Amino acid sequence: KLSEKKPVAAEKKRVAQYTEAAVEEHFFAPGAGLGDTLIRHGIMDPTSKTIKDPRRLLNRDETPQFMDYNSLRGNNIRKRVSAKGKSAIIPKAENRESVTVDVVMDLSGFLYGAHLLLARDTLTESVSPDELSSFDSCIHEHQKLSTYGLLTLNESGCQTGTTLLQRYVMLDAELTARGVPRPVVEMTDNHDSRYDEQVLEFCKEKGIVQWSEKANTSGKFQALDQVNRQLHVEISKGVREFKRERLIHLQTSDRDDRKLDISDIKVNTIDFIRIFCRVWFS
């Protein structure tokens, strides 16, 4: 049954890949498709086409996350008085610095340790052990969660061969701790960092097979695109909750008699790490 609907905006180059032919190529391209790749590495049964061990099929994806952008909504905004016909303008203390969140999940639903990439040369603020104590490098099978964690710094805050190698070193340790047989196949996009020579050598040595999707198809084929969408929502909620808590603390402090509201509260790098830890383990 057809009906009129409000259209959802999507990139033209991505929409062009939302076809039956793209699905056929993704799963069934001879030799190069996901199906033949899994059979070749002993992960899928060639006759029944069933996955023998869902722990051996991984998906990794990176997603950018603003530290603090557009967090003032609804009841978070205090009304202002202004002349009739004039807009009430408020200056906002926002931090549009972007953090890259690198996430790995397997077909069983197990979530591997988080990797945060910050656009910094150094961290001048101090991070106390208590704030990162949840990342204690343990495997919790019953919760389908790893508490390994990685924080890397570079000029862009984006994945490079160097930071990706560090991620794979951690992932290798996690796979070993879980007793996952090798090789494993990891579905990923075709970003340049995947083809770094050291990354390729390490993955070959450790039995981590990178299987790259066709460009502009991850929005349909990657489970992590859906997970990351929810992660953005939860982090935004976490930022708003953090600001409310900070505002209450300042308003009740004897040392601060300024008239503040939530628009005055800014989130810095260490604040964001605290917020992320709270969301990740909630």
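Helices (H or I, at least four residues) and strands (E, at least two) are DSSP runs, numbered from the N terminus.

## Model and conventions

This is a predicted model, in which local features need pLDDT of at least 70, side-chain atom pairs count only at pLDDT 80 or more, and totals for chains, interfaces and linings use all residues. Residues are numbered from 1 along each chain as its sequence is written, and side-chain values use heavy atoms, with hydrogens and water left out.

## Aromatic pairs

Phe276 and Trp280 both belong to helix H8 (residues 269-280). They are 4 residues apart, about one turn of the helix. Phe276 is buried at 1% relative accessible area (buried means under 20%, exposed over 50%, partly exposed in between; 1.4 Å probe, protein chains only). Trp280 is also buried, at 9%.

The whole structure has 4 aromatic pairs. Rings of Phe, Tyr and Trp (its six-membered ring) pair if their centres lie within 6.5 Å; planes under 30 degrees apart are stacked, over 60 edge-to-face, and the rest tilted. One of the pairs joins Phe27 and Phe28: the ring centres are 6.1 Å apart and the planes meet at 45 degrees, so this pair is tilted. Phe27 is partly exposed at 34%, and Phe28 is exposed at 57%. The rings of Phe276 and Trp280 have centres 5.4 Å apart and planes at 20 degrees, so that pair is stacked.

## A charge over a ring

The charged end of Arg178 sits over the ring of Phe110, 3.7 Å from its centre. The criterion is NZ of Lys or CZ of Arg within 6 Å of the ring centre and within 35 degrees of the ring normal.

## Strand S1

Strand S1 spans residues 57-68. Of its 12 residues, 10 are buried, so S1 is largely enclosed by the rest of the structure. S1 pairs with strand S7 (residues 184-188) in the parallel sense, over 3 bridges. Pairing requires at least two DSSP bridges between the strands. Asn59 has Met187 in S7 as its bridge partner.

## Asn154

Asn154 lies in strand S6 (residues 149-154). Asn154 is buried, at 15% relative accessible area. Its contacts (heavy atoms within 4.5 Å) include Leu118, Ala119, Arg120, Thr160 and Thr163, leaving aside residues up to four places away in sequence. The Asn154 side chain also reaches the backbone nitrogen of Ser156 at 3.2 Å.

## Cysteines

The structure holds 0 disulfides (pairs of cysteine sulfur atoms within 2.5 Å). Cys203 is buried at 3% relative accessibility. Cys277 is buried at 9%.

Definitions and conventions
Polar contact = N/O pair within 3.5 Å; in protein donor to acceptor, adjacent residues only side chain to side chain.
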